[in-house]
Amino acid sequence: MFNRFSLPDLGVGIGLRTVHFGEILAKKPPIDWFEVLSENFLDTGGRPLYVLDQVAERYPVALHGVSMSIGSTDPIDFAYLGKLKELARRTRAHWISDHLCWTGVMGRNTHDLLPMPYTEEALRHTAGRVRQVQDFLERPLALENPSSYVEFAASSISEWEFLARLAEDADCALLLDVNNVYVSSFNHGFDPAVYIDAIPADRVVQFHVAGHTNKGTHIIDTHSDHAIPEVWELYRRAWARTGPTATLYEWDEDIPELSVVHAEALLARGHREPQRATGTHGA
Ligand SMILES: [Fe+2]
């Protein structure tokens, strides 16, 4: 175990997607683990839940959510958290993650992962909410760094410092998305290596790697392609600090065959093993 929460390195996984349900059930491919989009299974039954039960029976899973809205000023939605906790119990999920963002305010949901103002006030506010959520869920929450296209003029702290201090103050885990770091560094003009090096490595329990769409003036986080070499380089840099940590390849648009997504995910092993072989981590 390399993280302070003693959460396991599940290996290299992919997201559980509807288009792959049939093949997964029929062929039981040797995939290390699946990330489950929580919202797809919270208010459903029938085939989706049947498939999820089958998958959770055979593979390790972790839950990944998009609607906790941890940075919002709206009240925490404990009805949602209750359903999330039950889904985690049902699937024996190794952890629950969501994003450092807000998705709406005053009861309105934009269904977008909106960037937060990085201020001392927002830091105190969010840390308090993360602690409440963790108390309710009775497990650490892993927060993911978002990709963003705009920033608040009011921000007084860098995103990486905000994330690092939030993790310490709330005693939560982190899901480090190295593609998001790259996307935001391009869009906002910061050095992604500085970001990676500032993250408290012992709190990282999972990585995301993904592809994006470069529009020249800006990058859109589409999850629709292979990852570029610069993103894998950030993964190597981060992994050298964290040691063996569960890794997930995200492919959510123009999803190809399962074998293609899995092959892309498996590239992560090539970026992990050299570190291990040199004994960097004593493993
Ligand atoms: Fe991600």
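**Who sits beside whom**

Biologist: Leaving aside neighbours within four places in sequence, which residues is R203 in contact with?
Modeller: Contact here means heavy atoms within 4.5 Å. Once neighbours within four places in sequence are set aside, the list for R203 is R4, F5, A167, E168, D171, C172, A173 and L174.

Biologist: What am I looking at, before we go on?
Modeller: It's a predicted model, where local features need pLDDT of at least 70, side-chain atom pairs need 80 or more, and totals for chains, interfaces and linings use all residues. Residues are numbered from 1 along each chain as its sequence is written, and side-chain values use heavy atoms, without hydrogens or water.

Biologist: Is R203 buried or exposed?
Modeller: R203 lies in the loop between helix 8 (192–198) and strand 9 (204–210); helices (H or I, at least four residues) and strands (E, at least two) are DSSP runs numbered from the N terminus. Its relative accessible area is 2%, and under 20% counts as buried, over 50% as exposed, with partly exposed in between (1.4 Å probe, protein chains only). So R203 is buried.

Biologist: Which residue has its backbone oxygen 3.4 Å from a polar atom of the side chain of R203?
Modeller: Try the residues that R203 is in contact with, including E168 and A167. The backbone oxygen at 3.4 Å from a polar atom of the R203 side chain belongs to A167.

Biologist: Which residue's backbone oxygen lies 2.9 Å from a polar atom of the side chain of N180?
Modeller: N180 is in helix 7 (residues 178–188) and is buried, at 3% relative accessible area. Beyond its neighbours within four places in sequence, N180 is in contact with E144, N145, P146, S147 and D221. The one whose backbone oxygen lies 2.9 Å from a polar atom of the N180 side chain is N145.

Biologist: How many aromatic pairs does the structure hold?
Modeller: Rings of Phe, Tyr and Trp (its six-membered ring) pair if their centres lie within 6.5 Å; planes under 30 degrees apart are stacked, over 60 edge-to-face, the rest tilted. On that basis the count is 11.

Biologist: How many residues apart in sequence are the parts that W232 and Y249 tie together?
Modeller: These two are stacked, at 6.4 Å centre to centre and 25° between the planes. Both are buried: W232 has a relative accessible area of 5% and Y249 of 2%. Since W232 lies in helix 9 (residues 229–242) and Y249 in strand 12 (residues 246–250), the pair ties together parts whose separation in residues is 17.

Note on methods: Polar contact = N/O pair within 3.5 Å; in protein donor to acceptor, adjacent residues only side chain to side chain.
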